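Here are my notes on the model you passed along.

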Amino acid sequence: MRIILYTGKGGVGKTSIAAATALKSARNGLKTLVVSTDAAHSLGDSLDMPLSPEPVEIEKNFWAQEIDSIHQVEQGWGKVQQYLTALLTAKTIKDITTEELTVFPGMEDLLSLLRILKYYKENAYDVIIIDCAPTGETLALLSFPEMMRWWMTKLFPIKRKVVKVVKPVVEPLLGVPMPSDGVMGEIENIHHQLDEMKEILSDRSITSIRIVVNPEKMVIKEAQRSFTYLNIYDFNVDAVVVNRVIPANVTDDYFKVWKEIQKKYKEMISDSFSPIPIYNAPLFENEVVGLDMLERMGDEIFKNEDPVGIKYDKRTQEVTKEGVEYIFSIYMPFTGKNELDLNQKGDELIVRTANLKRNIILPRTLQGMEITGARFEGDTLKIRFGGKENE
């Protein structure tokens, strides 16, 4: 199975590109599901048809689904929801439905991962394409298994023992129910499932992440930051899709300035994400809604390529610690290594060699530190950071 996540700043066109990729995959003969994990669903609008919390067959080999938190809780997290409902109704909260109260922040992330794991284990589809929420929420989605592992390792065993001891005393004293061992067991089961999902998301032969950008400064800056963190956490970013590029054959004077602006920012995109493959989707003359327009978009982006093939599978950035210094490793093949110039401005690092320029957003750990040295080891540039903060 292939799993592809599309992420990017809100409004860049992730949904259209995810749907277009899924449609092209399905028409190539692969059983394909496109899933929206964004609470503000627009996948049904893109396909121009109503969807539901369960997969809807659009045409042969092609299914679509909009994850609904309340529906998924009812389907697969029964004991935990029953406990939370009992806890809330114990204090007679009646102004909001208990179903809404028991869907807490981050629930969409958790339930989306569990549902995707279910499809993976059932081998229900050849390809799952995920239309993610905006960038920050995508990073939260991907980090959820790691966060859950820390909580389960450090705190859960203690809490489970404490609950067993205090439950007979606390319940009658405070008039609120304590979680049963069955509830705690269900939470532990969810933890094991998330561990499985972490392995799948980290497997470069299965999962790819694709960043969608527009040729605009604010969008590119956010994409640079997400690209850095996705690399640091060792997720495979295999492509960047630049959406709403004004076609070369548009000669109207009104678009002349915009084309020049886009040209500058397309160069910035190349400098930021090389050697990741970059694909372009044009600004169409019509709104991208419905299967015909989605088919056009998929053909424009991928031409005759396999839309779901792995486009790139190497880790491009990594941070390690040696003593009091940090080593920032950047994979830079096909680079003139005799001339090297590094320029650090706040959170941005500009790397210039004889034939290449790279714009990189530094991880938070390295921001404010000084560069103490740099050298190439094969195709990898290793930059040492230290300075006053480490002395």
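1. Phe255 comes out partly exposed in this predicted model, with a relative accessible area of 25%. Tyr254 is at 60%, so it counts as exposed, the cut-off being over 50%. These two rings form an edge-to-face pair, 5.3 Å centre to centre with 90 degrees between the planes.

2. The aromatic pair count comes to six. Another of the pairs is Tyr119 with Tyr125: the centres are 5.5 Å apart and the planes sit at 90 degrees, so this is edge-to-face. Tyr119 is buried at 4% relative accessible area, and Tyr125 counts as buried at 9%. Ring pairs also bring in Trp63, giving a cluster of Trp63, Tyr119 and Tyr125.

3. Have a look at helix α11, residues 256–273. Its 18 residues reach 26 Å from first C-alpha to last, close to the 26 Å expected. Buried residues in α11 include Tyr265, Met268, Ile269 and Phe273. Among the elements covering the buried residues of α11 are β6, α10, β7, β8 and β13.

4. Helix α10 (217–232) also lies across β9 and β10, at about 60 degrees to β9. Those strands belong to an open, antiparallel four-stranded sheet ordered β9-β10-β15-β14. β9 and β14 are the edge strands with a single partner each, so one side of each has no neighbour in the sheet. On average, neighbouring strands here are turned by 20 degrees against each other, direction ignored.

5. At the β14 end, seven bridges join β14 to the antiparallel β15 (380–386). For instance, Glu370 has Gly386 in β15 as its bridge partner.

Technical notes
Residues numbered from 1 in each chain as written. Predicted model: local features only at pLDDT ≥ 70, side-chain atom pairs only at ≥ 80, totals over all residues. Heavy atoms only, no water. Pairing = 2+ DSSP bridges. Helix = DSSP H or I, 4+ residues; strand = E, 2+ residues; numbered from the N terminus. Axes fitted to C-alpha atoms, helices over the stretch in contact; angles between N-to-C directions. Contact = heavy atoms within 4.5 Å. Expected span 1.5 Å × (residues − 1). Buried < 20%, exposed > 50% of the residue type's maximum accessible area, 1.4 Å probe, protein only. Phe/Tyr/Trp six-rings, centres within 6.5 Å; stacked < 30°, edge-to-face > 60°.
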